[in-house]
Amino acid sequence: MRAQALDGSATSVLDLARRLGFLQIDPISTVAPPQYLVPFSRLGPYDRAELDRLLWEEKRLFEWNAFIYPIEDLPLIRARMLRRRTGKYAHERRGSEFLKANARFRRYVLRELEREGPLLSRELADHSTPTWEPDSRWWGTRNVSVMLELLHSRGQVAVVGRRDGQRLWDLAERWYPETDRVPLRDAEQLLAEKRRRAEGVRLERGELRAHPDLADGPVPERVTVLSPFDRLVYDRERAEALWGFRYRLEMYVPKARREYGYYVLPVLHGEHVVGRVEPVVDRAGGELRVLGAWGDTSRLDEALDDLARWLGVVRRPERV
């Protein structure tokens, strides 16, 4: 809990991002996207605009590959960007084939961003030569998204903002600051150590091992809900080993086969994960409803009241 800043010690979104190492981005917003909900679990009802300011105005955080990192980690992530160009893995080689077959299209995208950027993907014409059938679940039917994602992963374009929830793209050289170069091996070692420290306790070969630099101590008896993408429960086997809490995200499970619900959030009480709840935000009606709750729900109302206040909605007291 202390390593994950769930002891109430985090002071701001920036402090939290530095301690956790990153925030994962996901568009699912049944309650709130994880990049916002994870800070809420630590900070309580904070100003969501703080994250956007840190990303798009102050540039103290940056977005890459569906994660948000502190800007001081850019040299480490840049090492990964450069590695993506080598085609070590099959999906990278496939991306390299697409870029090779679409050299003219690539030049067009970079030229338009230089002249007109920042731009949305839909503001770029599709002049591509497909080298594979786009997977419509991820890319849609236009290869503009494929090109931008490949250039982004290789550090040539950057996400520089959002317009109506859609990513704005620009040349990376205009967005990222200059940094020193770090060898890939060194970068991976540093990033791995950051992850181990932020996890606090790892499950290795069936045994729980605490990071040697972390101090033990009491954890406040606060109660909150966690995102399914929260690193406290992201390793499902570790969560089960720590608390006997078997957790699965069931939104991709057919409704008739779900054990609990579509988007169920773990409930944290003090230093224990004690239950789960399925809240749903009705934004049109301005309400927070609860479709179900399981386990120890003795202080769940407290957590739900905080959640509703943060989201700016009224909590419907009854549980459906």
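Start by selecting Val 109: beyond its neighbours within four places in sequence, Val 109 is in contact (heavy atoms within 4.5 Å) with Leu 124, Met 147, Leu 148 and Leu 151. A word on what is on your screen: this is a predicted model, in which local features need pLDDT of at least 70 and side-chain atom pairs count only at pLDDT 80 or more, while totals for chains, interfaces and linings use all residues. Residues are numbered from 1 along each chain as its sequence is written, and side-chain values use heavy atoms, with hydrogens and water left out.

**Stop 1**

Buried means under 20% relative accessible area, exposed over 50%, and partly exposed in between (1.4 Å probe, protein chains only).

**Stop 2**

Now go to Leu 6, in the segment before α1. Is Leu 6 buried or exposed? Leu 6 counts as buried, because its relative accessibility is 0%. Leaving aside neighbours within four places in sequence, its contacts are Met 1, Ser 41, Arg 42, Val 219, Arg 222, Leu 226, Leu 232 and Leu 268.

Ala 5 is not a glycine, yet it has a positive phi of about 60 degrees. Ala 5 is buried, with a relative accessible area of 0%.

For another positive phi, jump to Lys 59, where the value is near 55 degrees in a residue other than glycine. Lys 59 sits in the loop between α3 (49-57) and β2 (61-64). With a relative accessible area of 31%, Lys 59 is partly exposed.

**Stop 2: His 269**

Select His 269 in strand β9 (residues 265-269). His 269 counts as buried because its relative accessible area is 17%. Show side chains here: those of His 269 and Arg 299 make a polar contact of 3.1 Å. A polar contact is a pair of N or O atoms within 3.5 Å; within protein, one must be able to donate a hydrogen and the other to accept it, and residues adjacent in sequence count only if both atoms are side-chain atoms. Beyond four places in sequence, His 269 touches Glu 221, Arg 222, Val 223, Val 274, Asp 296 and Arg 299.

**Stop 4**

Next comes Arg 163, in strand β4 (residues 157-163). At 32% relative accessibility, Arg 163 is partly exposed. Which side chain joins that of Arg 163 in a polar contact of 2.9 Å? Look for Glu 123. Not counting residues up to four places away in sequence, Arg 163 touches Pro 118, Leu 120, Glu 123 and Leu 168.

From there, centre on Pro 118, in the loop between α6 (103-116) and α7 (143-153). A cis peptide bond joins Gly 117 and Pro 118, with omega about 5 degrees.

**Stop 3: empty space**

Rolling a probe the size of a water molecule over the atoms shows where empty space is left. On a 1 Å grid over the protein atoms alone, a cavity is a set of points where a 1.4 Å probe fits but cannot get out, and a pocket is an open set with protein on both sides within 12 Å along at least five of seven lines; lining residues have an atom within 4 Å of a point. Grid points are joined across faces, edges and corners, and a volume is the space filled by probe spheres set on the points.

The second largest pocket has a volume of about 460 Å³. Of its 20 lining residues, select Met 1, Arg 2, Ala 3, Val 201 and Asp 216, the closest to its centre. Helix α11 (residues 236-243) supplies the largest share of the lining, three residues.

Finish with the largest cavity, whose volume is about 50 Å³. Residues lining this cavity include Tyr 247, Tyr 260, Gly 261 and Arg 276.

Key: Helices (H or I, at least four residues) and strands (E, at least two) are DSSP runs, numbered from the N terminus.
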